[in-house]
Amino acid sequence: MTFTPRVFSGIKPSGDLHLGNYLGAIRRFVPLQDTHETIYCVVDMHAITVWQEPEDLKRWTYEIAAAYIAAGVDPKRSIIFNQSQVMEHAELSWIFNCVARMGWMERMTQFKDKSGENSENVSLGLFAYPSLMAADILLYKATGVPVGEDQKQHLELTRDIAKKFNHDFKKQIKALGHKGDFFPITETLATGPAMRVKSLKDGSKKMSKSDASDLSTIYMMDDADTISKKIKRATTDADALPSEVAGLAARLEAENLVGIYAALSNTSAEDVLGQFGGQGWGVFKPALADLAVARLSPIADEMKRLVADRGEMDSILRDGADRARAIAQPIMADIRNIVGFVR
Ligand code: TYM
């Protein structure tokens, strides 16, 4: 069975978008439009696995959809929608809850990190989270998923679920006239610089929506002065930049800032060190601040313009959901049939 080259990715509306979301995901959504069918989702059902104020959930949903468009995702070429408008996601995730094994889910490091000491008191949805994520992807038989490094384990689980489904229902899949596998073994697209952007204050932690220190995270809606200030105050060591990538080993903060520069300038860490090797932070940080402002400010301006027009955003999301459903429904019909549900 050959599968259409199709990309699916999603972002949770659970906080303000930050530079990690942009470099690890959104920025890479854009060129994939030239080579794949592309589906970009705002995963609002994932967001409510932890408490969300309903008004914030709405605001962040619009903000993420706006960020996709502002960064260069074309809502005509790509499908942009929010997950809860296509109920097949929930339906398939239930089936996957019955395919995935407890042991697989218990090994998920993000669940362990998020539940921490409090694992008895987190929602059941948080535990089942990766099964809904597998449903997002496989509902469209997506062959590639652009994400940051922190999502790699969830995508391994997606492959495990696909393999088990393909295996358990082999007979029914064949009877339906399918040659080979029903679900593709989805590829994780997570290469290049800045696949794990770190906190600007602590190079051992990833940049995240929920950092206590405001100086750790560059938000997509930060203004130019705030972006510059955060970069100039980023924690670093005292040494000059090395000329070779090997010289960044064990220099987590330096490696992070060089990676950010490389990603924002569409080059590599080698190229950045070729240009700045031997220079001190007094030269590199202002250059990085200027680059970040030049790249991010136009996106923030466009995001603000788009979110102000809720009517337009609603119609983009509704149109995207209609097009997503048109792909999902025949696949879901096959799945019901394969599983043995009578209709
Ligand atoms: P979320 O909302 O936490 O993050 C959205 C995307 O941003 C990437 N990312 C980062 N990349 C680099 N450095 C960072 N510091 C950083 N922080 C976040 C994430 O890797 C992700 O690509 N479970 C997913 C949402 C999801 C999804 C899906 C993704 C639900 N269904 C299906 C892909 C396909 C999540 O929580 O992402």
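Q: Helices here are DSSP runs of H or I with at least four residues, numbered from the N terminus. With that settled, what kind of model is this?

A: This is a predicted model, so the distances, areas and volumes below are computed from predicted coordinates.

Q: Which residues come nearest to the ligand?

A: The ligand has 27 residues around it, and those that come nearest are Lys12, Tyr129, Asp136, Asp150 and Val197.

Q: What does Tyr129 do there, in terms of a polar side-chain atom?

A: One polar side-chain atom of Tyr129 is placed 2.7 Å from a nitrogen atom of the ligand.

Q: And which backbone N or O atoms lie by a nitrogen atom of the ligand?

A: Val197 brings a backbone N or O atom to 2.8 Å from a ligand nitrogen, and Met207 likewise has a backbone N or O atom 2.9 Å from a nitrogen atom of the ligand.

Q: How much of the ligand's accessible area does the protein cover?

A: On its own the ligand has 710 Å² of accessible area, and the protein covers 97% of that.

Q: Where does the ligand sit?

A: The ligand is found in the largest pocket. In the shell around the ligand, two or more residues come from each of strand S1 (6-11), helix H1 (19-32) and helix H7 (124-138).

Q: How does that shell divide by class?

A: The shell around the ligand is made up of 13 nonpolar, 9 polar and 5 charged residues.

Q: Back to the largest pocket: how much space is in it, and which residues lie nearest its centre?

A: The largest pocket holds about 1200 Å³ of space, and among its 48 lining residues, Lys12, Gln110, Asp150, Gln151 and Lys206 lie nearest the centre.

Q: Which element gives the largest share of that lining?

A: Helix H7 does, with 5 residues. The elements that each supply at least two residues to the lining of the largest pocket also include S1, H1, helix H2 (44-47), H6, strand S4 (144-146) and helix H8 (152-168).

Q: What classes does the lining of the largest pocket divide into?

A: There are 17 nonpolar, 18 polar and 13 charged residues in the lining of the largest pocket.

Q: Changing topic, what about the second largest pocket: how much space, and which residues lie nearest its centre?

A: The second largest pocket has about 320 Å³ of space; it is lined by 18 residues, with Pro193, Ala194, Met195, Glu255 and Gly259 nearest its centre. Helix H11 (252-264) and helix H12 (269-276) are the elements that give two or more residues to this lining, and the largest share, 5 residues, comes from H11. By class, the lining of the second largest pocket has 9 nonpolar, 4 polar and 5 charged residues.

Q: How many cavities of 30 Å³ or more does the structure hold?

A: The structure holds 1 cavity of 30 Å³ or more, and the largest cavity contains about 80 Å³ of space.

Q: Which residues line the largest cavity?

A: The largest cavity is lined by Met108, Gln110, Phe111, Lys114, Leu126, Tyr129, Pro130 and His154. Helix H6 (109-115) and H7 each provide at least two residues of that lining, whose residues divide into 5 nonpolar, 2 polar and 1 charged. Tyr129, listed in this lining, also has the polar side-chain atom placed 2.7 Å from a ligand nitrogen.

Conventions
Residues are numbered from 1 along each chain as its sequence is written. This is a predicted model: local features need pLDDT of at least 70, side-chain atom pairs count only at pLDDT 80 or more; totals for chains, interfaces and linings use all residues. Side-chain values use heavy atoms; hydrogens and water are left out. A residue is near a molecule or strand if one of its heavy atoms lies within 4 Å of it. A polar contact is a pair of N or O atoms within 3.5 Å; within protein, one must be able to donate a hydrogen and the other to accept it, and residues adjacent in sequence count only if both atoms are side-chain atoms. Accessible areas come from the Shrake-Rupley method with a 1.4 Å probe; for residues, only the protein chains shown count as cover. On a 1 Å grid over the protein atoms alone, a cavity is a set of points where a 1.4 Å probe fits but cannot get out, and a pocket is an open set with protein on both sides within 12 Å along at least five of seven lines; lining residues have an atom within 4 Å of a point. A molecule sits in a cavity or pocket if more than half of its atoms lie within 2 Å of its grid points. Ala, Val, Leu, Ile, Met, Phe, Trp, Tyr, Cys and Pro count as nonpolar, Asp, Glu, Lys and Arg as charged, and the others, Gly among them, as polar. Grid points are joined across faces, edges and corners, and a volume is the space filled by probe spheres set on the points.
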